[in-house]
Amino acid sequence: MTKLKTLMTAAVAASLTVTAVTAQARDFRLGLVTPQSHIWSQEAEGFAETLNERSGGEHSVSIFPAQQLGNEAQMVQQLQAGSLDMAFLTLAEISNRIPDFGALYAPFLVEDIDHAAALLRSEVAAEMLEAMPGQTGLVGVGYGMAGMRQILSRQPIDSADDLSGLKVRITPFDPIRDFYVAAGAAPTPLPLPAVYDALANGQVDAIDMDYDSIRLLEFYEQADNLVISNHMMFPMVAVVSGRVWGQLDNADRELIRGAMAEHADNIMNHFQEHHEAWGEELRGQDITVTEVGPDFFADAIAEWEAIWAPKATYLPLLREAAAELAD
Ligand code: 3HB
């Protein structure tokens with residue numbers, strides 16, 4: 001063996017030893033779109049602590065809130081490539097890729113926040129996650145949520161006619177776009193971090209949003225008419241990159257799955273616990289509040305159904321589960 005070859009062999013051997021020693025300990029990166037103060041980000045921090053503790057200090061997780069690593073479409077690509085390890089995502093990007101997930105956004109699928117949480121904790125919802133690795137390269141370990149959707153607008157909305165031509169900010173995904181198009185509005189897709197400025201500078205007339213973010217991000221400062229409609233639930237999914245998952249041993253997978261699912265579920269509890277109080281808090285602001293039900297949206301719900309029923313095959317199963325849970 002030449003001297004160079006000997007040196008190289010030694011170097012390779014040394015690097016293998018280092019890899020072997022450090023193969024187990026990892027610093028994972030978890031991305032999300034919500035600001036630091038949002039409960040998703042808080043529970044992501046909580047998950048990082050739990051994983052660190054339960055792995056005896058071996059694993060750590062760095063949290064990247066507020067779209068620091070890119071929007072959800074970009075994060076999904078990074079997760080697919082394995083350059084991002086984990087994320088807490090809205091189901092928006094997932095439903096753009098797996099239309100079955102659009103079923104979770106059926107207008108008025110659930111009656112209230114507790115019903116939404118029960119459905120997301122159901123076997124049918126869990127079964128839907130099984131399609132994710134094969135169809136997206138992401139492993140879905142559990143659901144959270146961001147409550148129910150409401151409409152906050154600059155001008156009063158008294159009837160469905162007032163939605164006509166209205167530029168309504170939506171989270172960028174197809175099921176919600178189709179709902180607002182059916183309602184006669186002009187949906188404008190914008191990620192959460194862009195919403196405040198878009199409302200302030202008049203780029204949009206109204207926003208589709210949940211109670212928590214309306215109060216936390218003070219959107220009511222820029223638009224003081226709130227339509228409480230609870231027209232859709234807004235699931236969150238905790239995911240791990242399939243590529244990264246493939247590098248983990250079973251013990252680590254179970255550790256991560258357990259801790260992540262627990263903290264995602266904490267988010268659900270948090271929304272259930274606070275939903276009513278947040279409604280009261282918003283009613284207490286100097287804003288005009290209108291409460292509406294499905295009738296308000298007239299034919300938009302049937303139109304949505306006509307588009308999504310053929311695409312989202314889980315819709316009947318979810319409705320069945322929702323009916324059972326409502327009893
Ligand atoms: C959104 O409106 O796009 C959104 C809201 C949340 C969390 C994530 C996204 O409360």
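Trainee: Where does the ligand sit?

Mentor: The model is a predicted one, and in it the ligand sits in the largest pocket. That pocket holds about 260 Å³ of space. Its lining is made up of 21 residues, and Val33, Thr90, Thr171, Pro191 and Leu192 are the closest to the pocket's centre. At least two lining residues come from each of helix H3 (72–81), helix H4 (92–97), strand E4 and strand E7. By type, the lining has 10 nonpolar, 6 polar and 5 charged residues.

Now to the ligand itself. There are 13 residues around the ligand, and those that come nearest are His38, Arg149, Arg169, Thr171 and Asp210. This shell divides into 5 nonpolar, 5 polar and 3 charged residues.

Several side chains can be followed atom by atom. In Arg169, a side-chain N or O atom is 2.8 Å from an oxygen atom of the ligand. Thr171 has a polar side-chain atom 2.7 Å from a ligand oxygen, and for Asp210 the distance from a polar side-chain atom to an oxygen of the ligand is likewise 2.7 Å. As for cover, the ligand taken alone exposes 280 Å², and the protein buries 99% of that. The elements that contribute two or more residues to the shell are strand E4 (138–153) and strand E7 (206–210); both also supply residues to the lining of the pocket.

Technical notes
Residues are numbered from 1 along each chain as its sequence is written. This is a predicted model: local features need pLDDT of at least 70, side-chain atom pairs count only at pLDDT 80 or more; totals for chains, interfaces and linings use all residues. Side-chain values use heavy atoms; hydrogens and water are left out. A residue is near a molecule or strand if one of its heavy atoms lies within 4 Å of it. A polar contact is a pair of N or O atoms within 3.5 Å; within protein, one must be able to donate a hydrogen and the other to accept it, and residues adjacent in sequence count only if both atoms are side-chain atoms. Accessible areas come from the Shrake-Rupley method with a 1.4 Å probe; for residues, only the protein chains shown count as cover. On a 1 Å grid over the protein atoms alone, a cavity is a set of points where a 1.4 Å probe fits but cannot get out, and a pocket is an open set with protein on both sides within 12 Å along at least five of seven lines; lining residues have an atom within 4 Å of a point. A molecule sits in a cavity or pocket if more than half of its atoms lie within 2 Å of its grid points. Helices (H or I, at least four residues) and strands (E, at least two) are DSSP runs, numbered from the N terminus. Ala, Val, Leu, Ile, Met, Phe, Trp, Tyr, Cys and Pro count as nonpolar, Asp, Glu, Lys and Arg as charged, and the others, Gly among them, as polar. Grid points are joined across faces, edges and corners, and a volume is the space filled by probe spheres set on the points.
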